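Biologist: Please put the model up, and I will ask about a few places in it.

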Amino acid sequence: MKTKRFTALLFVLALVLVACQPTTVDRTATTIAPTTTAQTDGTLPSRTVNQVDCDSAPSDVEIVCEAYQLIQIHYVDDVSDEDLASAAQQSLELSEQGAATGEIVCAVPTETFVEACQATATFVGDSASAAEAIVNGLATHALDPNSVYFDEAALFLLEQEQEGQIEGIGALVSPEDESLEGDNKQCSVVSETCRIFIVSTIEGAPAEGAGLLRNDVIVGVNGESISGWTVDEVTSRVRGAAGTEVTLSIDRNGETLEISITRAAVEIPVIEAETIGNTGYVRLRIFSQNADVQFEDAVFDQLAKGVDSLVIDLRDNPGGLLDTAIAVASVFLSNGDVLVTQGPDESTSYPVTGASIVPDDLEVVFLVNKGSASASEVVSAVLQERGLATVVGVNTFGKNTVQQRFPLSNGGALKLTIARWLTPGGLDFGGVGVTPDIEMDLDNLEREALVEAVLDAA
């Protein structure tokens, strides 16, 4: 099963490893004896909280144990039980609180989760929803911004998107925390400093028609402030059925605008190709399923016309599937590795597939910008390193992590960062992005002028 990361407002965070078979979780490691406690915060009536170990967890809360085990086994970095338990407690305390009644069951993977479970005493909801809040907290508050919990409904939407069509507004966004030091400013919970920027809009989509612009900041949805929402909550609220309306509150240069947008079925374009003079121009917008086949066909058609140069446009391409990226790179590479991933306990190399079709002596130029992320960075970086392409534009997004999606027993899934990628030569562009050979502002250029400008510069 292939998986990837892009939602109704396509995130610029998207290189994902092909998922393996569902993981079998070992639940024999916990030895917490079942206990029953009555909790109160001093102002609300208490609720009976039945804490159970993972060996005794009923089916409606066992996702807590599954998520804990998956993080311990697969997450790229070591995370302490204390940090995980604190994240679970934080999520519960941020959830709706009230005068809850009736028994609630809370799974305790290790003793450190006992205090976190006590926060369910005033949690408004049943045991299953509390378990979901805990799992969401583990991903949101203890792991990196690219690790996410998807409930069953969100997972369904994600799988629809793999087919290349969505219903929503059609925009690319980047969540960034301006208070973070360094170049990597990715974040996952909206706050005064973590803000959701529009990177670009899909051509012909409602977002473009409504006038959304690069660097617009989403601050509200349908009259509600999004402060405290996860990025996934924002995108799920913006997305909706074709023909329905959503109103976005937009901060544009300090001025707040209310922009109403009618959602539509948005076909995610994959390939655009054109022959301009003696140059073949091919734009790849996303590394979706079968994009590699479409890309190779487009390049082959240009080569068959006898072009003496290729301009490959990866601007605003948020990435997609890892094996699609490998296949796209293999159009140019006849041997060697495309990338190397470094996980908790191992390093894995990913070699080229098939035979290249582009002659080594053909001039190849890749166009990139800040919206070029993940798989786009993999391809442009390795071709730059091998000396087979000149990269033109501005520094790319800087996403060097690999995610894998693991199914959970409630029909949802946990997406975890399982590795970091490097070029075969060992270069790590995390946070900084791929640095172009030639820095150029490529915005606002018509296609013919664009091709002429980059070839003159290269």
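Predicted model: local features only at pLDDT ≥ 70, side-chain atom pairs only at ≥ 80, totals over all residues.

Biologist: Is E192 buried or exposed?

Modeller: E192 sits in the loop between β8 (171-177) and β9 (194-201); strands are DSSP runs of E, at least two residues, and helices runs of H or I, at least four, numbered from the N terminus. Buried means under 20% relative accessible area, exposed over 50%, and partly exposed in between (1.4 Å probe, protein chains only). The relative accessibility of E192 is 77%, so E192 is exposed.

Biologist: How do the buried residues of α7 lie when seen down its axis?

Modeller: In helix α7 (residues 231-238), the buried residues are V231, D232, V234, T235 and V238. They fall within an arc of 155° (taken from the directions from the helix axis to the C-beta atoms), so they line one face of the helix.

Biologist: Which residues line the largest cavity?

Modeller: A cavity is a set of points on a 1 Å grid over the protein atoms alone where a 1.4 Å probe fits but cannot get out, and lining residues have an atom within 4 Å of a point. The lining of the largest cavity is formed by F332, V358, P359, D360, L362, V364 and L388.

Conventions. Residues numbered from 1 in each chain as written. Heavy atoms only, no water. 1 Å grid on protein atoms, 1.4 Å probe; cavity = no way out; pocket = protein on both sides within 12 Å on 5 of 7 lines; lining within 4 Å.
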